[in-house]
Amino acid sequence: MTEWDIKKLQILRTLRDRGTVTASAEALLMTPSAVSQQLTNLSKQLGVRLLEAHGRRVRLTDAAHLVLRHAEAVFAQLERAEAELDAHLRGEAGRVRVAAFSTAVPALLVPAVQALRTAHPALDVRVREAEAAEAYELLTAGEVDLALSLAAHAPTARDPKYSRVPLLADPLDVALPAGHPLAEAPGLRLADLSAEPWIYGGSGPWSEITTAACEAAGFVPEQAHSAAGWTAILAMVEAGMGVALIPRMAAAERRTGVVMRVLSADQPRRHVVAAVRRGAEEGPAVARVLAALRQAAVQREKPAVAASGGAAGGAAVTPTGGSTGEPTGGPTVQQS
């Protein structure tokens, strides 16, 4: 295959545009003899005459014009490549792979991706749902660039492999049946529900979250029913079978027979963090995704309290969104 030398093609194009070897040399910061030598070499490489004498000047042959016609397409593609590379270096293009636990996907990742698609459409964010242990295995293996988990299940801040970025302190609200005597009670505290039947997972993270929160409030919850998904938990609450703690970012489905109450004191929270391989947070594309996640977290932390029509202090909230997945990856509860 014929060897095509981009630099020599650019010299030929400059000669076409400038008209003389001397003018071309000045534009290219070269000597006239160097310009002539480069064009002679290009002619040999392509096996055609590119220049012909025209009085005391030279002019391009038909073959040279043919070569440049095709070269222009190459130059245009190189310009596009350079622009895309520049965007990549500024974090406006490229691909960032994110692993996240189930409730973080609709609550944080989807809003972040939507914002990035508007502001930086060439930035491709790929989402993979994964529990904390798998997310960090993927991060370590280089299969994802960023992991979202709960703080209690993330590597410690002393782990040299990762940089952690706090995102959100997610409150836990209590779900009560609509006709419950405490559904509109002012100043509801978790301790007020110590005698209630509770609904939560039989084992694992969400069991730990509920029991830890209740024990911090001074009682051990009586587990009346066990369920792993928000749909099942809320259906049982709606049926009057018990009460449950629901993380606000879990985005449980709206149910008319369930009242979501914000606890007036000692509200338990779970803490959400992002983690990247140490140093990767300085990469422009990853930095943009982290910034979008922080903004999504800020939007979630804005008060979302709506009046329930009850007595003073009886405000209620309805978690937004629509995830009904398993309550994955709960931490040991940290008090606010």
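**View 1. Surroundings of His120 in the predicted model.** Leaving aside neighbours within four places in sequence, His120 is in contact with Glu92 and Arg288, where contact means heavy atoms within 4.5 Å. The side chains of His120 and Arg288 are joined by a polar contact of 3.0 Å. A polar contact is a pair of N or O atoms within 3.5 Å; within protein, one must be able to donate a hydrogen and the other to accept it, and residues adjacent in sequence count only if both atoms are side-chain atoms. His120 sits in the loop between helix H5 (104–119) and strand S4 (123–129). Helices (H or I, at least four residues) and strands (E, at least two) are DSSP runs, numbered from the N terminus. His120 has a relative accessible area of 16% and is therefore buried. Buried means under 20% relative accessible area, exposed over 50%, and partly exposed in between (1.4 Å probe, protein chains only).

This is a predicted model, in which local features need pLDDT of at least 70 and side-chain atom pairs count only at pLDDT 80 or more, while totals for chains, interfaces and linings use all residues. Residues are numbered from 1 along each chain as its sequence is written, and side-chain values use heavy atoms, with hydrogens and water left out.

**View 2. Strand S6 and its pairing partners.** Of the 16 residues in strand S6 (residues 162–177), 14 are buried, and the strand is mostly covered. S6 pairs with strand S11 (residues 268–277) in the antiparallel sense over nine bridges; two strands pair if DSSP finds at least two bridges between them. Asp170 stands opposite Arg270 in S11. Strand S9 (residues 244–247) also runs antiparallel to S6, and four bridges join them. Here Asp173 stands opposite Ile246. With strand S10 (residues 258–261), S6 pairs in the antiparallel sense over four bridges, and Pro177 has Val258 in S10 as its bridge partner.

**View 3. Salt bridges between side chains.** A salt bridge is a side-chain nitrogen of Lys or Arg within 4 Å of a carboxyl oxygen of Asp or Glu; by this rule the count comes to 14. Asp5 and Lys8 meet in one of them at 2.8 Å, N to O, and both Asp5 and Lys8 are buried. Glu52 and Arg59 form a salt bridge at 3.0 Å, N to O. Glu52, with a relative accessible area of 26%, is partly exposed, and Arg59, at 42%, is partly exposed. The salt bridge of Asp124 and Arg126 spans 2.9 Å, N to O. Asp124 counts as partly exposed at 24% relative accessibility, and Arg126 is partly exposed with a relative accessible area of 42%. Arg13, Arg16, Asp17 and Glu72 are linked in a network of salt bridges.

**View 4. A nonpolar surface patch that includes Leu78.** Ile6, Val74 and Leu78 form a nonpolar patch on the surface, with about 200 Å² of accessible area together. Patches are made of residues with over 30% relative accessible area and no salt bridge: like charges are joined within 9 Å, and nonpolar side chains (Val, Leu, Ile, Met, Phe, Trp, Tyr) within 5 Å. Accessible areas come from the Shrake-Rupley method with a 1.4 Å probe; for residues, only the protein chains shown count as cover. Leu78 belongs to helix H4 (residues 62–89). Its relative accessible area is 40%, so Leu78 is partly exposed.

**View 5. Leu29 and its backbone angle.** Leu29 lies in the loop between helix H2 (21–28) and helix H3 (32–46). Phi of Leu29 is near 55°, a positive value in a residue other than glycine. Leu29 counts as exposed because its relative accessibility is 79%.

**View 6. Ala235 and Arg255.** Helix H8 (residues 230–238) contains Ala235. This residue counts as partly exposed, at 30% relative accessibility. Ala235 and Arg255 are 20 residues apart in sequence, and their C-alpha atoms are 8.3 Å apart in space.

**View 7. The protein chain as context for the close-ups.** The protein chain has nine helices and 12 strands. Of its 336 residues, 44% are buried. Among contacts with a separation of 6 or more, 73% are between residues 24 or more positions apart. The accessible surface of the protein chain comes to about 16500 Å², and 52% of this surface belongs to carbon and sulfur atoms.
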